[in-house]
Amino acid sequence: MPNDLDPPAAAPRAVALVTGASSGIGAAIARALAADGCAVVLAARRTDQLEHLAAELRARGAEVAVAACDVTDAAAVDGAVRDTLARWGRLDVVVANAGSYLRRPADRITRADFESAFAVNFWGAFHVVQAALPHLLARGAGHLVLMTSFDARKALPHDGAYAAAKAALASYAGALRQTLRGRGVHVCTLFPGRVDTPMCDGLEVPAISAKIPADRVARAVLRAIRGRRAEVIVPWHCRLLLWADTLSPRLGDWFVRVLGLDGRERSPADGDRTKLRP
Ligand SMILES: NC(=O)c1ccc[n+]([C@@H]2O[C@H](COP(=O)([O-])OP(=O)(O)OC[C@H]3O[C@@H](n4cnc5c(N)ncnc54)[C@H](OP(=O)(O)O)[C@@H]3O)[C@@H](O)[C@H]2O)c1
């Protein structure tokens, strides 16, 4: 639940809610939105990390609130949205970014792996949309940004459960965008390649798919919001693999195999179960 939502003195230009703001891409997006003049609600489970970021942003003059929220809990997500509206009376930008990565060869994935990947990466984002959408539609304005992964476009061999959850989210986002056409609410789907965040700390990747800095994704999000872009692939050169895969899935597979795009675990401590993040 949000825990520092006292009424502010004056309304900000725009209000943004970012899930998964305690780390990596979400923290970078929150910084970028705050620098752009938005009041920002930082949502995640680790409130110590959120408070740390909130202090940093407030020191730069931003209006910030912290929402302790597990996105797998629909009621907690509802509460974060409700408290944001109670504090500022509006919600303009919603970034469903919270996610967790699960890495395991496709022939060893269990149902439990799928369930945990979907709980955060699909249902978590769905809960955010469900909670925020009525308010955006009531105003006939606002932006929904859904963080998937390039894995949703070309699944890598160890990423079956994660890629499936992100692909489900991407499909939902595509349907939502078309359903909401003409109703003022912009839906944008992000497809990042490898990003240098704690999520991928334990993974070595080849130079051709080198991890990009999180603030590059954040800048892409801001451009996507301003330009009301439908879908964004970042970095741009990921498209080369997509084109090869569209031409022939076996050609796409070949590039993944020959270039080693799946990456390599630095130190798999627990046998074949190579989950990088709890
Ligand atoms: N890094 C990459 O290469 C990459 C590439 C493509 C897409 N992505 C996507 O980008 C998003 C951000 O990832 P990242 O790279 O920034 O990873 P990260 O540094 O590990 O951050 C993940 C964030 O998600 C939050 N989170 C995880 N489970 C949650 C839950 N149940 N409820 C609420 N928040 C939760 C974490 O916060 P708490 O632990 O504090 O709850 C954290 O803030 C994810 O959706 C990820 O799938 C990442």
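The expected span of a helix is 1.5 Å times one less than its number of residues. The exercises below apply to a predicted model.

**Exercise 1. Helix 5**

Task: Compare the reach of helix 5 with its expected span, then state which residues are buried and what covers them.

Solution. 
1. Helix 5 has 20 residues. At 1.5 Å a residue, the expected span is 28 Å.
2. From the first C-alpha to the last, helix 5 reaches 28 Å, close to that expectation.
3. The buried residues are Gly-160, Ala-161, Tyr-162, Ala-163, Ala-164, Ala-165, Lys-166, Leu-169, Ala-170 and Ala-173.
4. The cover over these buried residues includes helix 4, strand 5 (143-147) and strand 6.

**Exercise 2. Helix 2**

Task: Find which residues of helix 2 are buried, and explain how they are arranged around the axis.

Solution. 
1. Helix 2 covers residues 47-59, which makes 13 residues. Its reach from first to last C-alpha is 18 Å, close to the 18 Å expected.
2. Leu-50, Leu-53, Ala-54 and Leu-57 are buried in helix 2.
3. Seen down the axis, the buried residues of helix 2 fall within an arc of 105 degrees, so they line one face.
4. The face turned away from this buried side carries the exposed residues Asp-48, Ala-55 and Ala-59.
5. The buried residues of helix 2 pack against helix 1 (24-35), strand 2 (38-44) and strand 3 (64-68).
6. After helix 2 comes Gly-61, with a positive phi near 95 degrees.

**Exercise 3. Helix 6 and Arg-228**

Task: Carry out the analysis for helix 6, then examine the backbone of Arg-228.

Solution. 
1. Helix 6 (residues 214-226) has 13 residues and reaches 19 Å, close to the 18 Å expected.
2. Its buried residues are Ala-214, Val-217, Ala-218, Ala-220, Val-221, Ala-224 and Ile-225.
3. Most residues other than glycine have a negative phi.
4. Arg-228 is not a glycine, yet its phi is positive at about 50 degrees. Arg-228 follows helix 6 and lies in the loop between helix 6 and strand 10.
5. Arg-228 is exposed because it has 10 other C-beta atoms within 10 Å.

**Exercise 4. A cis peptide bond**

Task: Which residues does the cis peptide bond join, and where is Pro-235 found?

Solution. 
1. Most peptide bonds are trans.
2. The bond between Val-234 and Pro-235 is cis, with omega about 0 degrees.
3. Pro-235 sits in the loop between strand 10 (231-234) and helix 7 (238-247).

**Exercise 5. Core and ligand shell**

Task: Describe the largest nonpolar core and the residues surrounding the ligand.

Solution. 
1. The largest nonpolar core has 85 residues. Those with the most contacts inside it are Val-18, Val-40, Leu-42, Val-145 and Val-221.
2. Helix 4 gives the most to this core, with eleven residues.
3. Not counting residues up to four places away in sequence, Val-145 touches Val-94, Val-95, Ala-96, Cys-188, Leu-190, Val-221, Ala-224 and Ile-225.
4. The ligand is surrounded by 33 residues, of which Gly-20, Gly-24, Arg-45, Arg-46 and Gly-99 are the closest.
5. The elements giving two or more residues to this shell are helix 1 and helix 4 (111-139). Helix 1 gives the most, with three residues.
6. By class, the shell has 14 nonpolar, 14 polar and five charged residues.

Definitions and conventions:
Residues are numbered from 1 along each chain as its sequence is written. This is a predicted model: local features need pLDDT of at least 70, side-chain atom pairs count only at pLDDT 80 or more; totals for chains, interfaces and linings use all residues. Helices (H or I, at least four residues) and strands (E, at least two) are DSSP runs, numbered from the N terminus. A residue is buried if 20 or more other C-beta atoms lie within 10 Å of its own, exposed if 12 or fewer, and partly exposed in between; C-beta atoms are placed from the backbone. The arc is that of the directions from the helix axis to the C-beta atoms. Two residues are in contact if their C-beta atoms, placed from the backbone, lie within 7 Å. A residue is near a molecule or strand if its C-beta atom, placed from the backbone, lies within 6 Å of it. Ala, Val, Leu, Ile, Met, Phe, Trp, Tyr, Cys and Pro count as nonpolar, Asp, Glu, Lys and Arg as charged, and the others, Gly among them, as polar. A nonpolar core is a set of buried Ala, Val, Leu, Ile, Met, Phe, Trp, Tyr and Cys residues joined through C-beta atoms within 7 Å.
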